[in-house]
Amino acid sequence: MNARSGDYEVKPRQGRDRANYKTEQGGSSRAEYGSKLIENLSKYLTDTFGKGFSEANLKNMRQFYLTYPEFDRQCLANLSWSNVARIIRIDNQEERNYYLTEAAYQNWSYRQLERNIKSGYYHRLLSTQEKVNDTEKCLPAVIDTKEFIKDPYVLEFLDLPENIEGKESALESALISNLQKFLLELGKGFCFVARQFRISTETDHFYADLVFYNYLLKCFVVIDLKTTKLSHADIGQMDMYVRMFDELKRGADDNPTIGIIMCTDKSETMVKYSVLQESQQIFASKYKTVLPTEEELADMISKENTKLLSDNL
């Protein structure tokens with residue numbers, strides 16, 4: 001099969017070293033010759049083979065070739081071409097590899113993938129480095145609790161206003177009504193157990209807002225919902241819940257319980273000087289009921305990177 005573009009003949013690349021591709025283009029990712037090559041090639045392939053060879057699709061194919069000259073076919077086994085085409089438009093290589101791995105591993109639809117990219121899913125994880133660097137296996141690296149915690153959580157699917165102070169029951173009900181979407185936002189491995197889960201001692205009854213079990217972490221995950229800024233009382237309450245679950249509900253083969261306080265805001269000073277600083281079981285994460293803008297997302301990413309840098313010094 002030959003296709004022509006102006007005075008230039010385009011032949012299939014048989015047996016050529018991929019490394020020679022950019023060399024042929026003078027080290028550039030875009031050739032100067034044959035400005036109508038894609039347009040004419042699209043017409044030729046469409047006339048010959050039918051649909052699927054639009055100019056946009058050919059450009060995506062070419063971009064995929066440049067982005068992934070070598071790739072593990074297992075990583076792409078569960079990915080549609082639409083997912084691949086969306087992922088290769090991401091500039092950052094580590095972020096791109098993360099979405100490639102997670103979309104394949106978790107069978108994300110295109111809609112789920114697009115939503116996660118727009119909401120900064122990758123950047124909202126507290127710890128991702130091990131997982132991002134393990135893309136060759138298309139499986140998570142050594143499981144770290146922090147890899148399952150985001151900050152903030154984005155709950156735009158609840159259709160709630162930004163200010164919901166004093167409406168914790170409304171927040172809880174909205175999450176239950178949109179449980180499938182909430183599970184996708186929480187991440188992989190989460191299974192719903194109960195709302196207002198009662199845990200009792202000899203003298204008192206306590207009720208945890210939401211309880212999940214994560215089959216990858218092999219532990220209970222208790223979520224406490226707050227519609228205000230994080231307080232010392234919130235931390236103390238979650239500390240009690242975690243201790244009670246570990247003593248009264250945790251199975252012989254279960255790992256220690258995790259507690260997540262979801263709040264509208266938090267003071268880093270409070271985090272630094274409370275059990276949250278060193279705890280591997282209790283976390284406080286902000287949540288947003290509206291999808292952040294690109295500017296807000298960029299600011300959020302910048303702040304998180306600065307915090308991670310200072311923590312590592």
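1. Contact here means heavy atoms within 4.5 Å. The model under discussion is predicted. On that criterion, Ile38, Glu39, Leu41, Ser42 and Leu45 of helix α2 meet Glu55, Leu58 and Lys59 of helix α3.

2. Two packed helices are described by the angle between their axes and the distance between the axes. For α2 (residues 37-49) and α3 (residues 55-67), the angle is about 110° and the axes lie 9 Å apart. Angles of 65 to 115 degrees count as roughly perpendicular, and α2 and α3 are therefore roughly perpendicular to each other.

3. Helix α3 also contains Phe64. With a relative accessible area of 14%, Phe64 is buried, the cut-off being under 20%. Phe64 and Ile88 are separated by 24 residues in sequence, yet their C-alpha atoms are 6.4 Å apart in space.

4. Turning to the sheet, 6 strands form an open arrangement in the order β3-β8-β7-β6-β5-β4, with mixed pairing. Its edge strands are β3 (153-154) and β4 (190-200), each of which pairs on one side only. Helix α10 packs on this sheet and touches β4, β5, β6, β7 and β8 (282-288). The direction of α10 makes about 155° with that of β6.

5. The antiparallel part of the sheet includes β4 and β5, which are joined by 9 bridges. In this pair of strands, Phe192 stands opposite Phe212 of β5. Strand β5 (residues 205-214) also pairs with β6 in the antiparallel sense, over 5 bridges, and Tyr213 stands opposite Phe220 of β6. The hairpin of β5 and β6 has 4 residues between its strands, and Lys218 takes a positive phi near 60° in this hairpin.

6. On the parallel side, β6 pairs with strand β7 (residues 258-263) over 5 bridges. Asp224 has Ile261 in β7 as its bridge partner. Together, β6, helix α10 (residues 232-248) and β7 make a right-handed β-α-β unit.

7. How many of the 7 residues of strand β6 are buried? In β6 (residues 219-225), 7 of the 7 residues are buried, so this strand is largely enclosed by the rest of the structure. In the strand order, β6 stands between β7 and β5; its pairing is parallel with β7 and antiparallel with β5.

Notes. Residues numbered from 1 in each chain as written. Predicted model: local features only at pLDDT ≥ 70, side-chain atom pairs only at ≥ 80, totals over all residues. Heavy atoms only, no water. Axes fitted to C-alpha atoms, helices over the stretch in contact; angles between N-to-C directions. Helix = DSSP H or I, 4+ residues; strand = E, 2+ residues; numbered from the N terminus. Parallel < 35°, antiparallel > 145°, perpendicular 65-115°, else oblique. Buried < 20%, exposed > 50% of the residue type's maximum accessible area, 1.4 Å probe, protein only. Pairing = 2+ DSSP bridges. Right-handed = clockwise from strand over helix to strand, strands pointing away.
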